[in-house]
Amino acid sequence: MDTARLSRYVSGLWDDEIVPQLVEYIRIPNKSPMFDQDWVAHGYMDAAVKLMETWARSKLSQLPGATLEVVRLEGRTPLIYIEVPGQGDDTVMLYGHLDKQPEMTGWAEGLGPWTPVRKGDKLYGRGGADDGYAIFGSLAALLALHEQGIPHARCVVMIEACEESGSYDLPFYVDHLAARIGSPSLVVCLDSGCGNYDQLWLTTSLRGMTGGNLSVQVLEEGVHSGDASGVVPSSFRILRELLSRLEDPTTGTIKPKELYVDIPQQRIDQAKLSAEVLGDDIYSKFPWSEGMQPVTRDLAELVLNRTWRPQLAVTGIGGIPPLESAGNVLRPFTAVKLSLRVPPTLNGAKGGEFVKQLLEKDPPYGAKVSFTLEKDGSGWNAPALSPWLEQAVSDASQNYFGAPATYMGEGGSIPFMGMLGEKFPKAQFLITGVLGPHSNAHGPNEFLHIPTGKKVSMVVAEVVAKHFEQGAKG
C-alpha cells in the first residue's frame, strides 16, 4: 500500500465532495424519533437518507458489483444497506447512523444546529460528527483501496436512523438482513470519540444507559403557597429525597452497590495511561463556568468515573414554570427526566428495573410517585484485540497521525455494539470516531474536526486491507 497516495486520495475526496455533502446534511433537521414523533410527516429523515443515498450511488460504479438498498420495514425508521463485493470468505461490517439529537440552546453567535459554518478545520452544525460523516468515511476508505487495486474482504455498510433513540429499530433490521449480512469477522464503528486530535483512539468499552421520567404528585391543582406550605409537602422536596436514594447529593456518587461492577484490571491500566496522555485535557475540554472544578483532581479516577462507574444526569424537568411566570404557588407535581449511565457489563434492563423499584417504593407522605422507564440499553466491553489487529491499528496510527494509538473507554452508549457482540462473539471490533475536545456532540456548538475525519477514513482503509491479508494467511 502506498500510504502517501492513499492520504492524497482520501483528503482530496473529503475536500471536493464529502465536506460539501456534510454541509447540506447539517441543514436537514432530521431529529431522531424520540425527539420528533412526527418524523414521518415532516420528511426530514427521508431527506437525509436521500442525500446520502444519492452520493453513495454516484460512487458505486467505482466499486465493481456494489449494491445499495434503502430498506424500509413497516412502522420503522429506514436503513441504508450497502454491499461491496470482495475476495475471500470473510465479511467486514461498517456501521454508522444518520439521525440527530435535538437543537439544544446556547449556540454561539452565528452558529446554529441547522446552520453549517466552516471555521478553519472545524465544520459546525448538528450531526456532522455524530454521525453523518460515517457513510462518507466508510466509502472513502473502500474507494481508496480500489483506487490502488488493493484487495479487501466483502464489506457491508449499515447506516441506521434511530441510534439517538436507542437503536430500537436496529435489531429488526439485523434479523431481517441476517442471511445477507453473514457473520462479520471485523466490525468497524465510526460513532465514538477521541481523547485528542493528535492520534488514533480506540474505544474499549461503552457504558449502558437506563432512565426515564420520575414524577411526584402531591395535589390535584396548585394552591397558594402561603396557605399550603408547612401543611402540604413540597413535591420538589419529595423528589429531591427520592433522588438521594440513588445519588449522594454531596459527592454525586451513585449509592446502590447493585449498579456497580468489578472493573477489569486491563481497563484500569488503560485509564491510567489515558490520564498520562491527556493530562488536564480530561476535564479542561469542557466549557466550565468560572471558578468550577472537577469532582476530583485524580485524573485516572476521572477516566474511570466517565467510563466504568454509574453516573446520573437530570436532563429535563416538568411541572415548574419559567422564572418570569412563577407565582407564589405550591405546585401540584414535579417531574424530571433521568439519564443514568451504567457500567459496560451491567445488564441495562435489570438496572432500570432496580432503579424503578428503588424510587417508587415507600413514597414519602404517601405521594403519588411514578418512574416510567424509557431506556434500558446495556453497555459493551470489547473483546481482546487479535495480534494482527493490534499491530494494524498501531501501524495505521503512526502512518496517518504520526503518533501511537491509544485505548480508552467511552462514557456514551452505542446499543448496536452490545447487540453485535452477542450475535458475533468471534468478531473483532474497531470502534473509533471524531468526537474530541470541545466537539460537544448533543450540545451547542457541535463540530466535526475535518482533518481527524480524513485520518480516520485512512485508518479504516489500512485496517480493512490488513484484515484481508490476515484472512489470506488463514
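Modeller: Let's take the core, then the cavities, then the domains. This is a predicted model, where local features need pLDDT of at least 70, side-chain atom pairs count only at pLDDT 80 or more, and totals for chains, interfaces and linings use all residues. Residues are numbered from 1 along each chain as its sequence is written, and side-chain values use heavy atoms, with hydrogens and water left out.

Colleague: Which residues touch the most other members of the largest nonpolar core?

Modeller: Trp14, Leu22, Ile80, Ile82, Leu98 and Ile135, out of 76 residues. Helix α4 (residues 128-147) gives the largest share of this core, twelve residues. A nonpolar core here is a set of buried Ala, Val, Leu, Ile, Met, Phe, Trp, Tyr and Cys residues joined through side-chain atoms within 4.5 Å. Buried is under 20% relative accessible area (1.4 Å probe, protein chains only). Helices (H or I, at least four residues) and strands (E, at least two) are DSSP runs, numbered from the N terminus.

Colleague: What is Ile82 in contact with, leaving aside neighbours within four places in sequence?

Modeller: Ala56, Leu60, Thr67, Leu68, Ile135, Leu139, Cys155, Val156 and Val157. Contact means heavy atoms within 4.5 Å.

Colleague: And what does the second, separate core include?

Modeller: Met158, Cys189, Leu206 and Ile414 are among its 27 residues.

Colleague: Switching to holes. How many cavities of 30 Å³ or more are there?

Modeller: Two. A cavity is a set of points on a 1 Å grid over the protein atoms alone where a 1.4 Å probe fits but cannot get out; lining residues have an atom within 4 Å of a point.

Colleague: What lines the largest cavity?

Modeller: Gly195, Leu278, Asp281, Ile282, Lys285, Val303, Arg306 and Met408. Helices α10 (281-284) and α11 (299-308) each give two or more of those residues. By class, that lining has four nonpolar, one polar and three charged residues.

Colleague: How much space lies in the second largest cavity?

Modeller: About 50 Å³. Its lining includes Thr204, Arg267, Val303, Trp308 and Met408. α11 gives the most to this lining, with four residues. The classes are five nonpolar, five polar and one charged.

Colleague: Last topic. Where do the domains fall?

Modeller: Domain 1 is 3-206 + 379-472, and domain 2 is 208-261 + 308-376. Those bounds come from an automatic or database domain assignment. The C-alpha centres of the two domains lie 36 Å apart. Their contact takes nine residues from domain 1 and eight residues from domain 2.

Conventions: Buried < 20%, exposed > 50% of the residue type's maximum accessible area, 1.4 Å probe, protein only. 1 Å grid on protein atoms, 1.4 Å probe; cavity = no way out; pocket = protein on both sides within 12 Å on 5 of 7 lines; lining within 4 Å. Points joined across faces, edges and corners; volume = space filled by probe spheres on them. Nonpolar A, V, L, I, M, F, W, Y, C, P; charged D, E, K, R; others polar.
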